[in-house]
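Please keep the sequence and the structure in view while reading.

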Amino acid sequence: YCFASKMMVGNVAAFSSATPAITMLSDPSLLGEGVSGADTFDVVDPGVSAKQFEDGSAIIAQVRRMGKEDTKQAIDRASAALNGWKDGTTALCRSGIISKFSALIKENSEDLSKIMTLESGKPINESRGEVTYGTSFLDYYASEAIRSNSAGGGYLCPSPFTAPGDGAPRGKIMAINEAVGVCALITP
């Protein structure tokens, strides 16, 4: 049983290909819990006129301004969730979740491209290419998760320890790659 797939699909699938990009950006759930009293800042479309900046129509979303304590709380929540993900799912299940996430991005690629263009000002075709390029990584790692000689299954190698006399390896060693843990990244 793969408990995480229902949880993830339930949260992500709320945005279908029929959901307009601006609605997705305006959804309060994207701002975090308790955002009403939180310090926020405007995200503006850099490709608009000075008049639109003045009248406020250049604002495409408001996001929560996060500081050190917010970051620590996010890391703590992610760390608490990691063991359930790591220990409660198989490599096959994780592969399926990553594949489903890739499929949802592809299904919503036009809206995601519009959002990217709105927030960065880049041409729409460049945004479309970036969304497609991003899903290629998800597809790769979904396949990698279940490959027997990769992170999903580990690998076997001859032991570096040898038997006295003939120098033959004393068996095999299995190496399993595991996630180090949660990381926080700051991006512009």
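The model shown here is predicted. Ser113 lies in helix α6, which spans residues 109-120. The protein chain as a whole has seven helices and four strands.

**The chain as a whole**

- Read from the N terminus, the order of elements in the protein chain is α-α-β-α-β-α-α-α-α-β-β.
- The protein chain has 188 residues, and 22% of them are buried.
- Its accessible surface is about 12700 Å², and carbon and sulfur atoms account for 59% of that surface.
- Among contacts in the protein chain with a separation of 6 or more, 51% are between residues 24 or more positions apart.

**Helices α5 and α7**

- Helix α5 covers residues 91-107 and helix α7 covers residues 124-146; their axes come within 8 Å and cross at roughly 165°.
- Because angles over 145 degrees count as roughly antiparallel, α5 is roughly antiparallel to α7.
- The crossing of these two helices, α5 and α7, is left-handed.
- On the α5 side, the residues that meet α7 are Ala91, Leu92, Ser95, Ile98, Ser99, Phe101, Ser102, Ile105 and Lys106.
- On the α7 side, their partners are Val131, Thr135, Leu138, Asp139, Ala142, Ser143, Ala145 and Ile146.
- Sorted by class, the contact of α5 with α7 holds 10 nonpolar, five polar and two charged residues.

**Helices α6 and α7**

- The axes of α6 and α7 also come within 8 Å, and they cross at roughly 125°.
- The crossing of α6 with α7 is right-handed.
- From α6, the contact takes in Ser109, Glu110, Leu112, Ser113, Lys114, Met116 and Thr117.
- From α7, the contact takes in Ile124, Ser127, Arg128, Glu130 and Val131.
- The residues of the contact of α6 with α7 comprise four nonpolar, four polar and four charged.
- Val131 of α7 is named in the contact with α5 and in the contact with α6.

- Ser113 has a relative accessibility of 1% and counts as buried, because the limit for buried is under 20%.
- Setting aside neighbours within four places in sequence, Ser113 is in contact with Ile124, Ser127, Arg128 and Val131.
- With a relative accessible area of 37%, Ser120 is partly exposed.
- Ser120 and Pro46 are 74 residues apart in sequence, and their C-alpha atoms are 6.6 Å apart in space.

**Thr71 in helix α4**

- Thr71 is part of helix α4, residues 68-88.
- Its relative accessibility is 32%, so Thr71 counts as partly exposed.
- Not counting residues up to four places away in sequence, Thr71 touches Met66 and Ala184.
- Thr71 and Leu185 are 114 residues apart along the chain, with 9.6 Å between their C-alpha atoms.

**Thr162 in a loop**

- Thr162 sits in the loop between strand β3, residues 155-158, and strand β4, residues 172-175.
- A relative accessible area of 41% makes Thr162 partly exposed.
- Apart from neighbours within four places in sequence, Thr162 is in contact with Gly167, Ala168, Pro169 and Arg170.

Conventions: Residues are numbered from 1 along each chain as its sequence is written. This is a predicted model: local features need pLDDT of at least 70, side-chain atom pairs count only at pLDDT 80 or more; totals for chains, interfaces and linings use all residues. Side-chain values use heavy atoms; hydrogens and water are left out. Axes are lines fitted to C-alpha atoms, for helices over the stretch in contact, and angles run from 0 to 180 degrees between N-to-C directions. Angles under 35 degrees count as roughly parallel, over 145 as roughly antiparallel, 65 to 115 as roughly perpendicular and the rest as oblique. A crossing is left-handed if the near helix is turned anticlockwise from the far one by less than a right angle, and right-handed if clockwise. Contact means heavy atoms within 4.5 Å. Ala, Val, Leu, Ile, Met, Phe, Trp, Tyr, Cys and Pro count as nonpolar, Asp, Glu, Lys and Arg as charged, and the others, Gly among them, as polar. Buried means under 20% relative accessible area, exposed over 50%, partly exposed in between (1.4 Å probe, protein chains only). Accessible areas come from the Shrake-Rupley method with a 1.4 Å probe; for residues, only the protein chains shown count as cover.
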